[in-house]
Amino acid sequence: MSVLILFFTIGLSLYTLYKNQNLLEKLLLYPNLMFKDKSFYRVLTSGFLHADLNHLIFNMLSFYFFAIPLEGIIGSLAFVLFYLGTIIISSLDSAWKHKNNPLYKSLGASGGIAGVIFCYIVFNPATTILFFFVIPIPGPIFAVAYLLYSSYASKNISDNINHDAHLWGAICGIAFAVAYDPSVITQLYERIMESFS
């Protein structure tokens, strides 16, 4: 199923970017309009769209490297429910926060992908993340740094990136992994202690 989601996201993103901008406008997260016309589907559909080709490539590479092995761990049905649920949950905070702002719009799979990455790291704390595909960082250290940065950026940086979606996606990933297999808490704790020692 992760491969189908990958190709669907690529196809819809390219179609709305280069062929049908009107559909893009109907599917992206536009909280002000969403609460007026009850188009609540946007909290999900916005997670299958991207702002440009670089945004799409970066997100889909990240999805490819983490989603397929994660699906192997938790199974196809659990993966689909987790991924779609994470996209929705990671969009809700921004939707509510910006419901009275007619200028705010957002899109992208980043919240869902943050969830996938963090869920995978919790299941496999020995994972090494290649930051910018070059710099090796132990998974748990990356996770802690990512959460701290997303929390800081959501309050202090205005760069049109939905840092709240990243933060909520990461939290969903951690929460899902712990709920799915509570024993991962001990493994993750031990790995974090090893990383800092």
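The model is predicted, so local features need pLDDT of at least 70 and side-chain atom pairs count only at pLDDT 80 or more, while totals for chains, interfaces and linings use all residues. Residues are numbered from 1 along each chain as its sequence is written, and side-chain values use heavy atoms, with hydrogens and water left out.

Helices here are DSSP runs (H or I, at least four residues) numbered from the N terminus. Helix α5 covers residues 53–74. At 1.5 Å a residue, its 22 residues should span 32 Å, and the 30 Å between its end C-alpha atoms agrees with this; the expected span is 1.5 Å times one less than the number of residues. A kink of about 30 degrees is centred on Tyr64 of α5, the bend being the angle between axes fitted to the seven residues ending at a residue and the seven starting there. Among the buried residues of α5 are Leu56, Met60, Phe63, Ala67 and Leu70, where buried means under 20% relative accessible area with a 1.4 Å probe, protein chains only.

Helix α1 (residues 2–18) packs against α5 at an angle of about 170 degrees, with the axes 9 Å apart. Axes are lines fitted to C-alpha atoms over the stretch in contact, and angles run from 0 to 180 degrees between N-to-C directions. The two helices, α1 and α5, are therefore roughly antiparallel, a label for angles over 145 degrees. Their contact (heavy atoms within 4.5 Å) includes Leu6, Ile10 and Leu17 of α1, together with Met60, Phe63 and Ala67 of α5. The contact residues of α1 with α5 comprise 14 nonpolar, three polar and one charged. Nonpolar covers Ala, Val, Leu, Ile, Met, Phe, Trp, Tyr, Cys and Pro; charged covers Asp, Glu, Lys and Arg; the others, Gly among them, are polar.

On to the next neighbour. The axes of α5 and helix α6 (residues 76–97) come within 7 Å and cross at roughly 130 degrees. Phe63, Ala67, Leu70, Glu71 and Ile74 of α5 meet Ser76, Ala78, Phe79, Phe82 and Tyr83 of α6.

Phe82 lies in α6 and counts as buried at 5% relative accessibility. Not counting residues up to four places away in sequence, Phe82 touches Leu70, Gly115, Val116, Cys119, Cys172, Gly173 and Phe176. Thr86, also found in α6, is buried with a relative accessible area of 2%.

Notes:
Parallel < 35°, antiparallel > 145°, perpendicular 65-115°, else oblique. Buried < 20%, exposed > 50% of the residue type's maximum accessible area, 1.4 Å probe, protein only.
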